[in-house]
Amino acid sequence: MTTDFGARDWFVGTMKGVVARIAPKTRVIDLTHEVAAGDIRAGAFALAASFGFFPKGTVHVVVVDPGVGSDRKALAVQTTNHYFVGPDNGVLSFALRQERITAIRSLENEAYFLPAVSHTFHGRDIFAPVAAHLSQGVPVRKFGPKLKDLVRLDWPGPRVGRKGIEGEVVYIDHFGNCVTSIDAAAVQSLGTGPLEAFLRPRNPCPVGPLYQSARPGKAVAVVGSSGFLEIAVNGGNAARQLGLRIGSVVKLGRR
Amino acid sequence: MTTDFGARDWFVGTMKGVVARIAPKTRVIDLTHEVAAGDIRAGAFALAASFGFFPKGTVHVVVVDPGVGSDRKALAVQTTNHYFVGPDNGVLSFALRQERITAIRSLENEAYFLPAVSHTFHGRDIFAPVAAHLSQGVPVRKFGPKLKDLVRLDWPGPRVGRKGIEGEVVYIDHFGNCVTSIDAAAVQSLGTGPLEAFLRPRNPCPVGPLYQSARPGKAVAVVGSSGFLEIAVNGGNAARQLGLRIGSVVKLGRR
Amino acid sequence: MTTDFGARDWFVGTMKGVVARIAPKTRVIDLTHEVAAGDIRAGAFALAASFGFFPKGTVHVVVVDPGVGSDRKALAVQTTNHYFVGPDNGVLSFALRQERITAIRSLENEAYFLPAVSHTFHGRDIFAPVAAHLSQGVPVRKFGPKLKDLVRLDWPGPRVGRKGIEGEVVYIDHFGNCVTSIDAAAVQSLGTGPLEAFLRPRNPCPVGPLYQSARPGKAVAVVGSSGFLEIAVNGGNAARQLGLRIGSVVKLGRR
C-alpha cells in the first residue's frame with residue numbers, strides 16, 4: 001500500500017480497517033505513505049523501485065490521486081506476476097513498463113466498492129475494497145470493463161549522445177541521495193574504465209562501486225539499490241550539499 | 001491502535017511486542033501515532049471518523065494520555081459492535097456518541113497488566129496487555145469494577161440559527177483540509193439549492209460535491225469522507241491559504 | 001525491525017516484501033525507522049529499551065548502518081531468549097549487555113542473501129533475508145563462521161562519586177523527555193529520602209515518582225519506563241525548555 005496520505009490522519013488506518021473487514025487474513029504491507037502530496041511521479045518511482053521484491057501475486061494498491069472525484073478512471077491491472085490497483089493518472093506506469101500486462105480493467109462494478117462512495121476518499125471506498133477482493137481471489141474481469149491502455153508518464157530515460165549519457169534526477173531519498181534516470185545498463189554501455197558524472201559543466205564526481213569510494217564528505221556516483229545511478233555524498237546529504245533537485249541534469253562520460 | 005507517541009521512539013513498537021506476547025495471532029492496525037502530543041480532541045476525532053470501518057469485534061486502543069500516572073481512570077468499554085480501551089479523559093467519547101454502550105469497566109485487575117507497571121508508560125504496561133487479553137476473548141467484566149459513565153468532551157455541534165448554521169473547525173488534515181463540526185444531516189436540513197460557507201463575514205465560498213467544484217487554487221466546502229463539511233482548496237492547502245485554525249468559526253447559509 | 005531509513009522512501013516496505021517472499025507467515029513489527037541517519041547509539045538505545053518486551057524467539061533486525069558496503073562485518077547473534085541481526089558496528093551492543101549470548105556468526109553464506117547483493121542496501125539484500133530465514137527455523141550456524149565477539153559501544157554508565165552519582169543524557173524522546181544513563185539501581189543505591197537532580201551546578205530539580213510530581217511547566221526527574229532516570233517537564237518539553245542535549249551531564253544527590 002502506497003499513498004500520499006501521510007501518517008498524521010486516520011486515512012491509511014481506515015483503509016486497512018476496510019481490508020480487514022473484507023479479507024481478514026490478508027496481510028497489508030506499507031510501502032510508504034509519505035509521497036509528497038499529489039506527486040504522481042514520486043509515487044510511480046517508489047512503486048517501480050520496489051514491487052519486484054514482493055511475492056508473486058501481491059496486490060499493489062497505490063493512491064496518489066490529486067484528481068479524486070473527477071472523471072479520471074480507476075484501474076485494476078493484472079500482469080504475469082502481480083496485481084496493481086490505483087487511479088489512472090500514470091502512478092502505476094513506471095512499474096508496468098517492467099511487466100507483461102495481461103489485463104486492464106476500469107473499476108466500475110459497485111458491488112466491490114463500499115456501499116457509500118464519497119467524492120473525496122476513494123482510497124477507502126474503492127481502492128481498498130477492490131484490493132481486498134482481489135486478494136481473496138476475485139478475478140480481475142469482475143471489477144469492470146476492459147481498457148486498451150492506461151495513462152503513462154514520460155520516463156526521462158537516459159539520452160545517449162556523442163560525449164556520453166545524459167539523464168536527470170528523478171528521486172531524492174531520505175538520506176539526500178539523488179537517484180537519476182541513468183540505469184545500470186546505460187552505465188555499462190560506456191564500457192569498462194573510469195567514468196565521471198558531471199553535475200555542472202566543470203564539476204565532475206567519480207563513479208564508484210560504494211558510497212565509500214569517495215572520501216568522507218565528498219560526492220560519488222554509484223549504481224544504487226534501485227538499479228539507477230545515484231549521486232551521493234559519503235556520510236553526507238548530496239541534495240543539500242550539491243544543490244540538486246528533481247530534474248537536475250546529470251551527464252556521464254569517460255574520465 | 002491510536003496514540004500521540006510519534007514514530008521516532010520505541011513506544012508503539014514495544015506496545016506491539018507486548019500484544020504479540022499475549023496474543024500472538026492478533027493483528028494490530030495502526031490508525032495514527034501522530035496525534036499532536038496531548039491533544040485529546042484530535043485523538044477523539046480521529047477515532048470517531050474511522051472506527052466504524054473496522055470489523056465487528058475490533059478492540060480500539062487509544063493512548064492520548066497527558067495525565068498518565070495521575071488518578072485519572074483507565075477504561076474498557078464494550079458496545080454492540082466494538083471494544084474501546086484507553087484513559088478516561090474523553091478521548092473515547094466522540095466515537096462512543098455513535099455507539100450503544102453495553103459495559104464500562106475501570107481497569108483495576110492487575111492480573112491483566114504487565115507484572116511491573118511504570119508510572120509513565122501505561123500504553124505498554126496496562127492498555128496494550130488489556131487490549132491483547134480482550135482480543136483473546138477475556139470478557140470485559142474481568143478487568144475491573146463497573147463505571148456508570150465516562151468523561152465526555154463537549155462536541156461543538158452545529159448551532160442552527162435564523163440565517164443558517166454555525167460550526168467550527170474541529171480537525172485539520174495532512175492536506176490542509178479543515179473539517180468542521182457541521183455534519184451532513186445539518187447541511188441537508190437547509191434543503192436543496194445552492195449554499196455558501198462563510199469563513200469570515202464577507203468571504204463566502206461555494207458548497208459543492210467535489211474538491212474540483214472550485215477552480216484550481218480556489219476554496220470550496222465539501223461534505224467530506226468523515227461525514228462532515230470540510231473547507232478545502234482545489235489542489236491547495238486550505239488551512240494555510242485561508243488562515244483557518246482549530247476553532248475557526250464557519251457559517252453555512254443559502255446563497 | 002529498526003532502521004534509520006525513515007518513512008518517506010520504499011526502503012522499509014521493500015525489506016518487508018523480501019521477508020514476505022521467504023517467510024510468508026512471519027509477522028514484522030516496526031520498532032522505529034526514525035532513528036536519526038547514522039546514529040548508531042540512538043538505535044542501540046531504542047533496541048535495548050524494548051527488546052525484552054517481545055516474545056521469546058523474536059528476531060530483532062536493526063539496520064543503522066552508515067558503513068554499508070565497507071568491510072564492517074554483518075552479524076547474527078543468538079541469546080537465551082532472542083535473535084539479533086545487524087551490522088557489527090555496536091548497534092546491537094546495548095541490548096546484548098543484558099543477554100546471555102550463545103552464538104555470534106558472521107553473515108557470509110550467500111545462499112541466504114538475495115541473489116544480487118547491492119553495495120548500498122544490505123537491509124534489503126542481506127539483513128531482511130537472513131532474518132526471514134532465521135524466523136523460519138534455519139539454525140544460526142548456517143549463516144557463516146563463528147566470531148568471538150562483536151563491536152561494543154561504550155555505555156556511559158553512572159559514575160558514583162563522593163557527593164552522588166553522575167550520568168549523562170543518552171536519549172531524547174518525542175515528548176522531549178531526556179533519558180539519562182543513571183539506572184534505577186543506581187538511584188536506589190542512594191537510599192530512601194528526598195533526592196535532587198542537578199542539570200547545572202545551581203539548578204536542581206526534584207526526583208519524584210510521576211511527571212505530575214512537579215507543578216505544570218516545572219522540571220522533575222523520574223525513573224521512566226525504560227528503567228533509567230529521565231528529566232521531564234510536567235506537560236512540557238524538557239529538552240527544549242531546559243536546553244538539554246545528548247551528552248548533557250546530570251548529577252544526582254541527596255537534597
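This is a predicted model: local features need pLDDT of at least 70, side-chain atom pairs count only at pLDDT 80 or more; totals for chains, interfaces and linings use all residues.
Tutor: Residues are numbered from 1 along each chain as its sequence is written, and chains are lettered from A and ligands numbered from 1 in the order in which they are written. Local features need pLDDT of at least 70, side-chain atom pairs count only at pLDDT 80 or more, totals for chains, interfaces and linings use all residues, and side-chain values use heavy atoms, with hydrogens and water left out.

Student: What makes two rings a pair?

Tutor: Rings of Phe, Tyr and Trp (its six-membered ring) pair if their centres lie within 6.5 Å. The search of the whole structure gives 42 aromatic pairs over all chains.

Student: Why is the pair of A:Phe45 and A:Tyr171 called stacked?

Tutor: Planes under 30 degrees apart count as stacked, over 60 as edge-to-face and the rest as tilted. For A:Phe45 and A:Tyr171 the centres are 5.7 Å apart and the planes 20 degrees apart, so the pair is stacked.

Student: What makes this pair a link between distant parts of the chain?

Tutor: A:Phe45 sits in helix α2 (residues 40-50) of chain A and A:Tyr171 in strand β7 (residues 165-172) of chain A, 126 residues apart. Helices (H or I, at least four residues) and strands (E, at least two) are DSSP runs, numbered from the N terminus.

Student: Are A:Phe45 and A:Tyr171 buried or exposed?

Tutor: Both are buried, a term for under 20% relative accessible area, with exposed over 50% and partly exposed in between (1.4 Å probe, protein chains only).

Student: Why is the pair of A:Tyr112 and A:Phe143 called tilted?

Tutor: The angle between the planes is 55 degrees, at 4.9 Å centre to centre, so the pair falls under neither stacked nor edge-to-face and counts as tilted. A:Tyr112 and A:Phe143 are likewise buried.

Student: How do you know how chains A and C are related?

Tutor: A rotation of 120 degrees with 0.0 Å of shift along its axis superposes chain C on chain A (RMSD 0.0 Å), by least squares on the C-alpha atoms of residues with pLDDT of at least 70 in both. The two copies are therefore related as by a three-fold rotation axis.

Student: What makes chain A as compact as a globular protein of its length?

Tutor: The radius of gyration, taken over C-alpha atoms, is set against the globule rule, 2.2 Å times the number of residues to the power 0.38. Chain A has 20 Å, close to the 18 Å that the rule gives for 255 residues, so the description holds.
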